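Dear colleague,

Please find below the structure that I am handing over to you. I would ask you to keep it open while you read the notes that come after it.

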Amino acid sequence: MKISKLHPIMQLATAATLALGLGVAAQAEEGAKLIVNGEIEMVTRTAAPAYIDGLDEIISGWEFRSTETQALQMDDFDNSGMLGVDSALEAWNKVQGPEQKSCATCHGDVESMKGVRTVMPKFNEEANDLWTLEDYINNCRTERQNVEAWGYTGGSMTNMAALIAVQSRGMPMNVAIDGPAAPFWEAGKELYYARTGVLELSCASCHEQSYGLHIRADHLSQGQINGFPAYRLKNAKLNGIHARFKGCVRDTKAETYKPGGPEFHALELYVASRGNGLTVEGPSVRN
């Protein structure tokens, strides 16, 4: 077979197939379930939302991992991402700034954040803009605590996002794409299907058209973000959504957008909407 005539992503996938004798990734064992701590059962497969044309079924990234990696996410004692969660819990209760306030001063116990992750990002009427979870976190810091904003993809921010995500584990993603959010969703969809970079790849090239293939010693998933923040074994730390977007764009050899910028905000809304119905897993464990 002459793979040089194939699209670049298919060249890579076909090369992997020929070299390794694999065409489709070895995913979770048939009927395997993601149950965290023996009590929180996750939805890792469900029907795709009606507004998504390219998929009949949506599948969590957990399903594309090896059995060993899957097991790490099933027990909080084995999930290294929980170290970041523990660190964020200290920050949640830390009184600071001239206002002498902590997150708990206004919000009480962190359990009050239950359900928040499921609807992020969402349109903020007061700001007249699309806000992510990170935007809300920094707004609380600068406007209520009167302290310095965290870096959008910094460790403290990602840890706090993970702590808040934990409160919604097992709840289905349900981001709104209508009303004032609609223009952002449309912009995100356009970005998702736009081919960019030297390889002329789009998000869809890998995560809609080629998911399940074995490539670069890893398995392409659908790129669902219900598990973020995600602890990646590759870099041994928690990774936020925009940090992962930046890495994906960089891999296509294209000029990336700025994390926290309008392009990635719109893309996050669209990608999150593709996973509506899957449950919040953060912090997940990925390769």
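This is a predicted model: local features need pLDDT of at least 70, side-chain atom pairs count only at pLDDT 80 or more; totals for chains, interfaces and linings use all residues.

The protein has 287 residues, of which 48% count as buried. Its chain forms 10 helices and 11 strands. Among contacts between residues at least 6 apart in sequence, 69% join residues at least 24 apart. The accessible surface comes to about 13800 Å², and carbon and sulfur atoms account for 51% of this area.

Let me turn to the aromatic rings. The count comes to 10 aromatic pairs. In one of them, the ring centres of F64 and Y211 are 6.2 Å apart and the planes stand at 85 degrees; an angle over 60 degrees counts as edge-to-face, so this pair is edge-to-face. F64 belongs to the loop between β4 and α2, whereas Y211 belongs to the loop between α8 and β7, and the two residues are 147 residues apart. F64 has 0% relative accessibility and therefore counts as buried, while Y211, at 29%, is partly exposed. Elsewhere, ring pairs join Y51, W185, Y192, Y193 and Y270 into a cluster. A charged residue also meets a ring: R141 lies over the face of W150, at 4.0 Å from the ring centre.

The salt bridges come next, and the count is 6. R169 and D76 form one of them through their side chains, at 3.0 Å from N to O. This pair links distant parts of the chain, since R169 sits in the loop between α6 and α7 and D76 in the loop between α2 and α3, 93 residues apart. Both of these residues are buried. A further salt bridge joins E208 and R274 at 2.9 Å. Because E208 lies in the loop between α8 and β7 and R274 in helix α10, the pair ties together parts that are 66 residues apart in sequence. E208 and R274 are buried as well. E281 and R286 meet at 3.1 Å, and both are buried.

Finally, which residues of helix α9 are buried? They are I241, H242, F245, G247 and V249. These buried residues pack against β10 and α10. Just after α9, K253 takes a positive phi of about 60 degrees.

Yours sincerely,
A colleague

Notes:
Residues are numbered from 1 along each chain as its sequence is written. Side-chain values use heavy atoms; hydrogens and water are left out. Rings of Phe, Tyr and Trp (its six-membered ring) pair if their centres lie within 6.5 Å; planes under 30 degrees apart count as stacked, over 60 as edge-to-face and the rest as tilted. Helices (H or I, at least four residues) and strands (E, at least two) are DSSP runs, numbered from the N terminus. Buried means under 20% relative accessible area, exposed over 50%, partly exposed in between (1.4 Å probe, protein chains only). A charge sits over a ring if NZ of Lys or CZ of Arg is within 6 Å of the ring centre and within 35 degrees of the ring normal. Contact means heavy atoms within 4.5 Å. Accessible areas come from the Shrake-Rupley method with a 1.4 Å probe; for residues, only the protein chains shown count as cover. A salt bridge is a side-chain nitrogen of Lys or Arg within 4 Å of a carboxyl oxygen of Asp or Glu.
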